[in-house]
Each structure stands twice: as structure tokens, then as C-alpha cells.
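Trainee: Please take a close look at the side-chain interactions in this structure. I would like one connected account.

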Amino acid sequence: MVIHIIKTRRMKAILTAIFICFMLMVGGLQSKVVAQATDTIKHTEKDYYQIISLPIPEDVKLEVGGVCTMPNGSIAVSTRRGEIWIIDNPYMLNSSAPHYHKFASGLHEVLGLLYKDGAFYCAQRGELTKLVDKDGDGKADVYETVCSWPLSSGYHEYSYGPVLLPDGNFMVTLNVMFPNEHWWRGASLVPWRGWTVEITPDGKLMPYATGMRSPAGLGVINGKFFFTENQGDWEASGSITEVDKGDFTGNPAGLVWANRPESPVKVRVSDIASRVDFRNNAVGKIEDDDPKRPYKTLFEVAAEVPGIKIPSVYIPHYIMGNSTSGFVQIPDDNKFGPYAGQILVGDQSQSLISRVFLEKVKGQYQGAAFFFRGGFESGVLRLCWGMDGSLFVGQTSRGWDSKGPKSYGLERLVWLGKTPFDMKAIRAMPDGFEVEFTKPVNKKFASNPDNYTINNFTYKYHPVYGSDIVRQKKNNIDAAIVSADGLRVRLVVDSLREKYIHEIKVADNVVSEEGTSLLHPTAYYTLNFIPDGEKLNVPHRVQKVAAPEHHMEMNMAMGKTKGPALKKNQTTMPPSWKHIDQTIYMATKPGLKFDKTEFTLKSGSKIKLVFSNKDDMPHNFVVTQKGQAVAVGELAMKMGLDAVKHSHIPNTSKLLFNTTLVGPGSSQTIYFVAPAPGQYTYVCTVPGHFYVMQGTLTVEK
């Protein structure tokens with residue numbers, strides 16, 4: 001009887017094992033697609049687009065202000081130091097070095113360069129200049145003033161350009177000036193600061209549009225004039241905007257000249273001042289320090305005032321860049337990947353290039369901004385196509401600090417011939433968005449609406465320097481419908497908001513058919529208009545909500561101390577402390593720097609640290625594990641819309657303690673117990689800052 005029971009049990013065990021093996025085999029087949037989503041192939045930007053640095057002679061300070069291609073394949077570079085250099089063999093053929101020779105000098109901060117009909121044209125601070133080499137010796141013999149404009153000798157009166165219109169006229173953009181004691185409020189003390197001007201070949205200047213603050217990038221796309229704007233007073237974020245003659249784009253400084261007879265602009269200062277408080281009586285820097293202060297958005301003011309042109313595409317500040325610069329359109333020649341016709345936009349502060357997809361809806365341009373390529377050696381200011389289809393990237397950082405550590409640079413960006421798996425385009429639909437991919441998606445995961453997140457937000461229109469993200473809401477996604485070829489996903493979205501920016505995120509498990517993860521899973525679509533058309537009839541569903549993230553509210557014990565553990569951002573002295581062992585005064589200074597590069601503490605001591613921001617931009621102070629500053633900063637960048645709200649402080653054990661974001665002229669005090677002996681890194685985790693703004697904390701026994 002006992003033997004029979006044992007045999008029966010053995011037989012059941014064998015049968016059970018066989019059944020389990022069978023189910024595992026079947027499950028393995030059924031879960032092949034799941035494995036593709038969990039064991040994804042991850043690539044980086046450098047796998048598809050290579051950066052090649054051009055060597056620069058030691059005696060050449062190539063602070064690039066402009067760059068253009070010459071008919072013979074050489075390139076010409078203008079510099080902020082007032083020189084023009086011609087560079088032969090910039091492609092370094094046969095492994096030979098490029099050759100530099102000076103074409104012109106003695107110019108005034110040349111921030112643009114154009115070659116036309118055997119002559120160079122450049123915008124100096126006060127004029128458009130034509131330079132000609134008459135005797136063929138490779139040097140300019142003629143410096144001809146085509147057109148001039150007044151200067152007030154104020155700081156920041158930069159002039160950009162020129163670019164050439166289809167009719168042969170030139171376009172130049174003119175920066176507002178900043179009084180040294182009021183750098184946060186741009187002014188136009190002479191005509192036509194804060195304007196775009198059109199100039200005929202014979203030198204006639206015609207005011208074209210105003211509302212510009214720092215219009216560092218300008219160009220022609222599909223026959224239309226566009227410019228890029230930087231964040232500042234009245235400018236919430238960087239952007240790219242299509243401009244027609246007579247438009248007003250937002251910054252009211254230049255409106256003081258709008259009533260002149262030659263002005264095509266119909267908007268007046270009173271049109272803005274009657275709707276938005278200029279706060280002219282404010283003492284010191286104007287701050288957004290009253291949460292109850294009423295405000296309007298630029299879109300709302302534009303609805304009331306004819307002639308205001310809203311941005312075509314926002315490039316969200318801090319999230320995608322800090323200092324929007326030059327741009328180019330990708331040619332349709334299959335030499336630069338799958339993005340023909342789209343726009344590449346530089347960012348000087350973050351040393352990167354973004355990509356912009358444009359479409360026309362109801363007669364106006366709008367579209368999506370994507371990350372494209374980072375890692376340049378200095379601040380990206382100018383872009384220019386080479387004869388071989390590569391992109392020349394001119395860079396500078398003197399006075400305008402950048403993530404790239406060098407003071408200047410000239411590099412080529414070369415497509416390696418491989419197509420990344422990426423979002424190629426996003427188009428507005430009557431009921432949502434259509435996401436187009438560069439390669440077919442894995443349909444199983446791409447068809448799950450829970451694998452997408454959409455949040456919408458906007459900015460304040462006010463005289464404050466920049467704006468926080470406001471009126472943020474999450475959109476519910478009712479359906480994700482994949483096209484038969486797997487290249488497009490139609491997202492049916494509840495409660496689209498016209499005149500809002502929509503952050504569109506794709507989950508990690510949305511992969512290509514080969515199992516490759518997305519190179520850039522986040523985009524920002526500026527929805528100026530919702531297109532007309534038929535909406536899909538899909539049932540409403542409740543989208544799964546991800547668990548909320550916690551950031552700097554986490555508590556942690558940073559040493560032996562009585563009472564509850566201290567917060568990472570402990571801004572009051574703990575009640576259990578009877579005394580403070582050491583007080584540290586830490587401050588910022590211009591140039592993305594702390595005023596101390598190192599300091600020393602004793603392990604276990606009670607520390608009071610006073611952080612004062614003496615710079616002209618917000619900063620925080622964060623202490624991380626040794627060598628983890630960049631990793632923590634990159635985690636902060638991934639926070640997206642939550643970054644500013646949480647002071648760019650991610651939830652990570654690599655972070656020990658921190659202040660919150662401290663504005664210019666403000667300070668914050670934190671308390672902590674010095675950690676275990678060793679070295680630690682302190683850093684500002686604001687995007688673009690954390691690569692260079694670091695110091696060392698040494699803790700001794």
C-alpha cells in the first residue's frame with residue numbers, strides 16, 4: 001500500500017513536470033513579443049550621428065558668430081571678435097588638416113555671415129556690410145556699408161544676420177538693449193531695436209516686424225521668414241515663429257517706434273499695457289512672487305489684439321534648452337537621415353540641437369519639438385550645410401556659458417547611414433494626435449493607450465523674466481490605433497486644449513519590430529489650432545494612472561542625531577539641536593560657478609549652510625555621492641514638466657541633501673548632519689548647469 005502511494009505520487013510529479021515544461025514552451029512562444037519589450041535594444045545618438053571636431057590653430061580664437069559654405073566647398077566663419085576666416089578642406093579629406101586664412105578683420109561682433117555673388121555680407125552691431133576681394137589675394141579689399149542703423153551703446157545690442165529672401169532682399173534681426181542696472185527688462189532706445197528689418201540690395205531699410213527680444217536665429221523655411229526667440233522678459237520660453245510683415249511677436253520694447261510712418265506694425269504699447277501690468281514701478285528685478293496676481297497668456301492677449309503673432313513651436317525652457325539659437329532646414333537629398341524638410345535648431349547654453357516638425361493648420365504653422373543631438377564641445381550658435389550633406393556646427397561660450405566646456409569650437413555632424421527608431425513626426429488630428437515613426441512599431445505594445453502619456457500646459461505673458469509652467473492638465477487617451485504598416489499610431493485624446501503645448505511621452509516598452517527602443521521618447525507639440533475633420537468614434541476609457549512620484553520631500557538620516565530623521569531639504573533648525581557646529585556660506589557667481597570650489601566638514605557635525613544666488617538666473621545647491629553629479633542632473637532632465645515644480649530635484653539615493661531652486665538675489669538656508677568620511681560632489685542640477693557647475697565636499701573623521 002505504501003509502495004503504491006509512492007508510485008502514484010511519483011507519477012503525478014512526473015506528469016506535473018511534463019505539463020509545466022509544455023506550458024513554459026507555449027508561454028515562451030506566446031511571450032516572444034513581451035520579451036522584445038523587456039529585453040530591448042538600446043542605442044544612443046552617437047550610433048547614428050557622429051560629431052567630428054575640426055582642429056583650430058592655437059592663435060585663432062574662433063568664437064563663431066556666423067558660418068556659410070562657399071561654392072568651392074570651403075567654409076567661411078565670422079567671429080565675435082570681428083574677424084572672418086576662410087577654411088579650406090573642412091572635410092579633412094585624405095586625413096589632411098583644414099587650412100585657415102584670415103579674410104577680414106576689424107569688424108564689430110559679427111553674428112551672421114552670407115556669401116552671395118562673390119561677396120560676403122555680414123551684420124555688424126550697427127550696419128550691414130559687404131566685403132569683396134577685388135584682387136584675388138584671399139583678403140577683403142572693400143568694406144562697403146550697405147545700410148546702417150543707430151546704436152545707443154547699451155549692453156546686448158546684438159545684430160543678427162543677414163539671411164536672403166526669395167526676392168533678393170536681406171533680413172536682419174536687432175536685439176533689444178539691456179541697461180546694466182536693469183538687465184531683466186529689455187529696452188529699445190533707438191530705432192529699430194527689437195525689430196526685424198528688411199534691406200534692399202541698394203541699402204534701403206524697411207521695418208518689417210517687432211516684438212523680438214533676443215532673436216538670435218533667423219532664416220527662410222519654405223519661402224517664409226522665421227526667427228528663434230530666447231526666454232526673458234515677456235518671453236516665457238524659447239520658440240521658433242513664422243513672421244509676416246507687420247506682425248508683433250510679444251516683447252513690447254520695440255513698440256515705441258510702431259507709430260512712425262514707415263512702421264507696418266499696427267499694435268501699440270497701449271494695446272498691451274491695458275491688458276497686462278508692465279509693473280514699471282517695481283523696485284529691482286521684477287519677480288513672479290505673488291500667486292494671487294492675475295495674469296493672461298500670450299494666446300489670450302492675441303485673441304483680443306489683432307496683429308499679434310504667436311509662436312509656431314515652443315521649445316520648452318529648461319526641458320529642451322535654455323538659449324535658442326540658429327536653425328537650418330534639412331534638405332531633401334537623403335544625406336541626413338529620415339527627417340527631410342524638418343528644422344534643426346541650436347541651443348547655445350545646453351550645447352545641443354533640437355529637431356522641429358512643422359505643419360500648417362488653418363493657414364498657420366505649428367508642430368512638434370524633439371530632442372536630436374547633444375554633446376557638442378561648446379555652445380551651439382550657428383548651423384550650416386556642407387557640400388557633402390554634413391552639418392557644420394559653429395560654437396561659442398564666452399560670456400554665455402554652455403554645457404560644452406570649450407570657449408569655442410567648429411564641428412561637423414555626420415549621418416552614419418543608419419536609421420534610428422524614433423518619432424519622425426507628430427500631426428494634430430481633430431480628436432488627438434498622429435505619431436509617425438521612422439520604423440514599424442511592435443503593434444502589440446504600440447496599440448495600448450496606457451503606453452502613452454499626454455499633459456498640456458501653457459505660460460504666463462508678463463514682464464517677468466520667463467514663466468513657470470501653468471494650467472497643467474493631463475489628457476486621457478481613449479485609443480491608440482496602429483496603421484497597417486506599423487509606421488503610424490493615431491492617439492484619440494480627450495479634452496484637447498487649443499493654444500496649449502502638449503507633452504507627448506511614449507513608454508519604454510513601445511519598441512520597433514526588431515525590439516529597438518525609441519531614441520527620443522518625448523515630444524512637445526504646440527497646438528495653436530485643432531484641425532477640422534471627422535473624429536473617430538471610440539468609447540471613452542479611464543486611463544491607468546502611474547503611481548505619483550516623490551521628490552525632495554523624502555526624509556533621510558545623514559548621520560547620528562536625536563529625533564526624527566532630517567529631510568533632504570531641511571530648511572529649519574531641528575528642535576533637538578542645541579547648537580550648530582559649523583556654518584557654511586555658499587554663493588553663486590556669473591559663469592555657472594559656485595564661489596567655492598571645495599570645502600571641508602567633520603563627519604557627524606551639525607551644519608548650517610546658507611546658499612545665496614548672486615547670479616542672474618535660478619540655481620540650486622545639491623550634494624551627491626562622489627562623481628554622481630551628472631547622473632543626478634540627467635535624472636532631473638527626465639522629470640519633464642515636473643522639473644521646475646520640484647526645483648530639478650529627482651528622487652534618487654545618489655542625492656544627499658539640497659536647497660530648492662533659488663532665484664537671482666535670493667537665498668535659502670538648509671541644515672544637515674555631515675555624512676560619513678569621504679569625498680562628495682555638490683552641483684546645480686538645473687539643465688545645462690550640472691555639467692560644469694560643480695564643487696567638492698570633503699568630509700573628515
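Mentor: Here is a walk through the charged pairs, the rings and the cores.

This is a predicted model, where local features need pLDDT of at least 70 and side-chain atom pairs count only at pLDDT 80 or more, while totals for chains, interfaces and linings use all residues. Residues are numbered from 1 along each chain as its sequence is written, and side-chain values use heavy atoms, with hydrogens and water left out.

Start with the charges. A salt bridge here is a side-chain nitrogen of Lys or Arg within 4 Å of a carboxyl oxygen of Asp or Glu. By this rule there are 31 salt bridges. One of them joins Glu63 to Arg398, with the closest N and O atoms 2.8 Å apart. The two partners are 335 residues apart. Glu63 sits in the loop between strand 1 (49-53) and strand 2 (64-69). Arg398 sits in the loop between strand 23 (391-396) and strand 24 (408-415). Strands (E, at least two residues) and helices (H or I, at least four) are DSSP runs, numbered from the N terminus. Glu63 is buried, at 2% relative accessibility. Arg398 is partly exposed, at 37%. Buried means under 20% relative accessible area, exposed over 50%, and partly exposed in between (1.4 Å probe, protein chains only).

Another salt bridge pairs Glu436 with Arg488, at 3.9 Å from N to O. Glu436 lies in strand 26 (residues 432-437) and Arg488 in strand 30 (residues 488-493), so the bridge ties together parts 52 residues apart in sequence. Glu436 is buried at 10%, whereas Arg488 is partly exposed at 29%.

Lys499 has two partners to note. Its side chain meets Glu498 in a salt bridge of 3.7 Å, N to O. Lys499 also lies over the face of Phe529, 4.0 Å from the ring centre. A charge sits over a ring if NZ of Lys or CZ of Arg is within 6 Å of the ring centre and within 35 degrees of the ring normal. The charged end of Arg80 likewise sits over the ring of Trp400, at 3.7 Å from its centre.

Now the rings. Rings of Phe, Tyr and Trp (its six-membered ring) pair if their centres lie within 6.5 Å; planes under 30 degrees apart count as stacked, over 60 as edge-to-face and the rest as tilted. The count comes to 31 aromatic pairs. Phe226 and Tyr365 form an edge-to-face pair, 5.3 Å centre to centre with 65 degrees between the planes. Phe226 is in strand 15 (residues 224-229) and Tyr365 in strand 21 (residues 364-374), 139 residues apart. Phe226 is buried at 0%, and Tyr365 is buried at 10%. Phe611 and Phe621 have ring centres 5.9 Å apart and planes at 35 degrees, so that pair is tilted. Both Phe611 and Phe621 are buried. Tyr49, Phe336, Tyr339, Phe372 and Trp385 form one aromatic cluster.

Last, the cores. A nonpolar core is a set of buried Ala, Val, Leu, Ile, Met, Phe, Trp, Tyr and Cys residues joined through side-chain atoms within 4.5 Å. The largest has 54 residues, and Ile199, Ile240, Ile272, Ile308 and Val356 touch the most other members. Helix 4 (residues 298-304) gives the most to this core, with 4 residues. Apart from it lies another core, of 30 residues, including Phe370, Phe421, Val435 and Ile530.
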